[in-house]
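Biologist: Could you walk me through reading an interface between chains, and then the symmetry behind it?

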Amino acid sequence: VSAGPLSAVPLLDHHCHGVVQRNLTEEEFEGYATESDWGPAPGTKVLDSPFGVAMMRICGPVLDLHRLTSPEDYLGRRQELGWQEVTRRLLAASGTTEYLVETGFPAPAIASPGQMGQLSGHPARRVVRLETIAELVAPATSPAGFVADFEAELDRQLRDAVGVKTVAAYRCGLDLTERPPSDAEVERAAAGWLRTASQTSRYRIADPTLISRLVWCGVERRTVVQVHVGFGDADVRLDLADPSRLTPFLRATRTSGARIALLHCYPFVRQAGILAHLFPHVWFDVSCLSHYAGPSAPTLIRQAMETAPFGKLLYASDAYALAEQYLVSATLWRRGLGALLEEWVRDGWLAPGQADRYAAMIGAGNAQNLYRGDPR
Amino acid sequence: VSAGPLSAVPLLDHHCHGVVQRNLTEEEFEGYATESDWGPAPGTKVLDSPFGVAMMRICGPVLDLHRLTSPEDYLGRRQELGWQEVTRRLLAASGTTEYLVETGFPAPAIASPGQMGQLSGHPARRVVRLETIAELVAPATSPAGFVADFEAELDRQLRDAVGVKTVAAYRCGLDLTERPPSDAEVERAAAGWLRTASQTSRYRIADPTLISRLVWCGVERRTVVQVHVGFGDADVRLDLADPSRLTPFLRATRTSGARIALLHCYPFVRQAGILAHLFPHVWFDVSCLSHYAGPSAPTLIRQAMETAPFGKLLYASDAYALAEQYLVSATLWRRGLGALLEEWVRDGWLAPGQADRYAAMIGAGNAQNLYRGDPR
Amino acid sequence: VSAGPLSAVPLLDHHCHGVVQRNLTEEEFEGYATESDWGPAPGTKVLDSPFGVAMMRICGPVLDLHRLTSPEDYLGRRQELGWQEVTRRLLAASGTTEYLVETGFPAPAIASPGQMGQLSGHPARRVVRLETIAELVAPATSPAGFVADFEAELDRQLRDAVGVKTVAAYRCGLDLTERPPSDAEVERAAAGWLRTASQTSRYRIADPTLISRLVWCGVERRTVVQVHVGFGDADVRLDLADPSRLTPFLRATRTSGARIALLHCYPFVRQAGILAHLFPHVWFDVSCLSHYAGPSAPTLIRQAMETAPFGKLLYASDAYALAEQYLVSATLWRRGLGALLEEWVRDGWLAPGQADRYAAMIGAGNAQNLYRGDPR
């Protein structure tokens, strides 16, 4: 399965995580090949899925296998080559020339941005997760000191990062407040959170007042704020992860200098496109398609192209742990957008050069424009 | 209009109702050819619709008519052959080899599972509706005795059934509780319900506490719980029938031994696919397409194939009353999935044998696996 | 880019606004070429968008340009010809034979229905906006007199109009009440509104009680009530503009004699189709596609054809200010519906004559039936 007409377009992957830097058992591999937190239902297999199908067809040949290889042969060959060689081959085949690596979900053996740079031979820059920073400072802070401690750590981490990400969707949903919660509101909410956390040693932050304040701290730094939208793991309640809920927040931040990047967006791609149409400071990607939609990824790319200005779409893989995910995502994006642009040229909507220009913009140019970081 | 490449795949229809066992007037036929509870708008016709179009093209030739027959000729021929011959021909042409018949909406002349078995010459098993059982025991129960009376009747009916169904979506929406409402909560809610019901002789159950308890009774029996999702008759408020709302309930029931089957799912097919991806105990079908999407059914099948593991999709007709609905549904499913799998084979995603395997799984194998009933 | 097989079908545009009757600067033109209220993001261009692409390809040749003209050349030629000639050519090319012009958003130089009739040479009738009438009477009314004053002005304006429109979606969302708010409730709400309005000289009406009462006044006049649904400018919060929220209101108005026309409906086209399927008094259009979906408009037309009876779909351009929008909308509708109907004929679903009949119904016949105005 080839990458189609856009095979030579360089990609700036504006949202991904690190690969896992060791060999994996079959069970571990399958655990990374789904957003589910649990094993498959009895009588079903994880790789009998859109991702499984796409992964073997796209990655098999890069590992010298027939494209219709079996899962067993694929995993055997993967073991034989070893994770380094597999990673080297798959990242190179993806044509990704820059990675923005979100580091907020650290796990043993997951590559840092620096390691991703070395493994890929391309620049890799860091995006920090607001909630992770809050949870990092929590054990040694106080309700009254929380915001200052959080901001100090955020500023320290931002010296080495190009943006922030929030997983509000996983924690309390996307009803972010129209203005920063006050210090008094935050102190009250932090007192409750820290009390429970210190009793349970579980510092997961989920209070909506606190999350809103974290995001507003990001906004005040006039940086890019990535927002997880829609499909993710089972922590998400989808209806609370509808980006429409961000509307009051988006109105309030329009002239702040911050830019908002909506991530993944499935099944709310149309809602995300509308917000990117309406608000000058909103961009979006359809990275959910990267691993999980497999052969259906083009359908979602088409949705993303329905209403938003073409300068507002971004490429991202949302890859995590498996090197396969970077390549599957990149290939599906190239094929899907390529087929659509070819159709538009054939039907008379675009001149060929215009199609090339839009492909280059969505592949990398828009992200370069967005992350250049000059606030308006 | 033929059934395409999957014409020989046996179907296990995991959610349908019974045919009506008598001849119908034109008005009665049209009443069963829509989910609307009322006659058509002035100047419009019920059969000028996706179902009308699909019904005549697919069923006409089976009744010896030209596929572009008129509604008048179709209904005339139907009358001429008589309902028994029409039913015999259309069910046989559907290639359905097993029926799970939901009996919770009894109406005069609607076939029971036993009668469906005789009419079709294939096994037909029963699914019971929780709300109907509650309404059955209501006139002779008390607030304190309601749960015990309900459970006794449920257990009696389950001796002869393969699962339960809830129409919570029609009654109170899908915000089912994360744990069974307590006996005290149920008694209080039942007191209000039974008081009003005995005064009005209208025993329709709609209280969210009571509905949640009914569903939890189903869960505790470690059986399949079918959940109506999305489009149905005008009792549904669609936004309350979004399966995303089930997320807390799904988290809470994951290890219960019950399995959840989301029915119809239109226009929330993507949300249903995500839930089937995330939760090992969730399956889904797109039975809304059976009669009502007509030529557009393939679009919805494509949505169902976007993210869920292929072991989690089920076939269902949701047919009710009209024998046409079983055949239209089966034909549209065969054509739609067949075209998609052919495309995936042609584009290199699937080996032909793999496509056949997935078709057989979705047509019947997954339902056999699901309804085999061994709780995990 | 031609209009395809339906190029000769007459269109009744049941929802549009007036063209702007003067020449425009480039910035003004771009301001009308987006639903955004603000300029584009740095580094992006308004016309690098689906509308921009469609507009130049469709309208360029009508202004004697190559279809792959540049924005600069297009705007230059537009200036050269002058707005009258541009308007004359583009409206004529659209094949629209009747306009229902909504006049609730008056702006300098925007054509009235009478002017639209003169510019196009075709009948143009008026639709009045409920909220605009309320805001018109507000400065000279009292809380106790508001309803009577509103109704007097509404009746006066309805003498010259074929229906009313509500922008409840922009003001308070679509949770319209199941019955008219009482006089006491309205008086209380009006007191608050008028107090603030007279203090601020800003008479924008947004109170849900007041909006519901306005809509019920429309219902009581047994006319067509157009309801803005979904995508619009940044005043809309999309999740509150989901037409599912209208369900209780639709149940309550079913036998009122009023007919409800859902406008635009993106991204809730499927929800709108379901409501038109269920409720005899509900119609809908997909006018959002007119300017903003560009090459993707056919996707949305396909959604509109999934479940609703074909007698319930309407054509509308939702054009505003730019003559280009009437032609782009009409061309996309002709191409999109034409391609779908051709496909259905080719696949055996429709006889050619039946396809022609459905095209004529959706293009104009359904709207003629709807706006004929005989309440049931």
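Biologist: What is the count of salt bridges between chain C and chain B?

Modeller: First, some ground rules: this is a predicted model, where local features need pLDDT of at least 70, side-chain atom pairs count only at pLDDT 80 or more, and totals for chains, interfaces and linings use all residues. Residues are numbered from 1 along each chain as its sequence is written, chains are lettered from A and ligands numbered from 1 in the order in which they are written, and side-chain values use heavy atoms, with hydrogens and water left out. Now, a salt bridge is a side-chain nitrogen of Lys or Arg within 4 Å of a carboxyl oxygen of Asp or Glu. Between chain C and chain B there are two. One of them joins Arg357(C) to Asp48(B), 3.0 Å from N to O.

Biologist: How many residue pairs are in polar contact between chain C and chain B?

Modeller: A polar contact is a pair of N or O atoms within 3.5 Å; within protein, one must be able to donate a hydrogen and the other to accept it, and residues adjacent in sequence count only if both atoms are side-chain atoms. Here you get 13 such residue pairs, both partners at pLDDT 80 or more.

Biologist: Which helix gives the largest share of the side of chain C that touches chain B?

Modeller: Helices are DSSP runs (H or I, at least four residues), numbered from the N terminus. Helix 12 of chain C leads, with five residues.

Biologist: And how is interface size read?

Modeller: It's often given as the accessible area lost when the parts come together. The sum runs over both parts, with a 1.4 Å probe. For chain C and chain B that's about 3,200 Å², with carbon and sulfur atoms giving 62%. On the chain C side, Leu278(C), Glu306(C) and Trp349(C) lose the most area, together 23% of what that side buries. Counting contacts instead (heavy atoms within 4.5 Å), 36 residues of chain C meet 42 of chain B.

Biologist: What rotation superposes chain A on chain B?

Modeller: In general, two copies of a chain are related by a rotation about an axis and a shift along it. For chain A on chain B, it's 120° with 0.0 Å of shift (RMSD 0.0 Å), fitted by least squares on C-alpha atoms of residues with pLDDT of at least 70 in both. That's the relation of a three-fold axis. In chain A, the C-alpha nearest the axis belongs to Asp239(A), 5.6 Å away.

Conventions: Buried area is the accessible area (1.4 Å probe) that two parts lose on being put together, summed over both. Helices (H or I, at least four residues) and strands (E, at least two) are DSSP runs, numbered from the N terminus.
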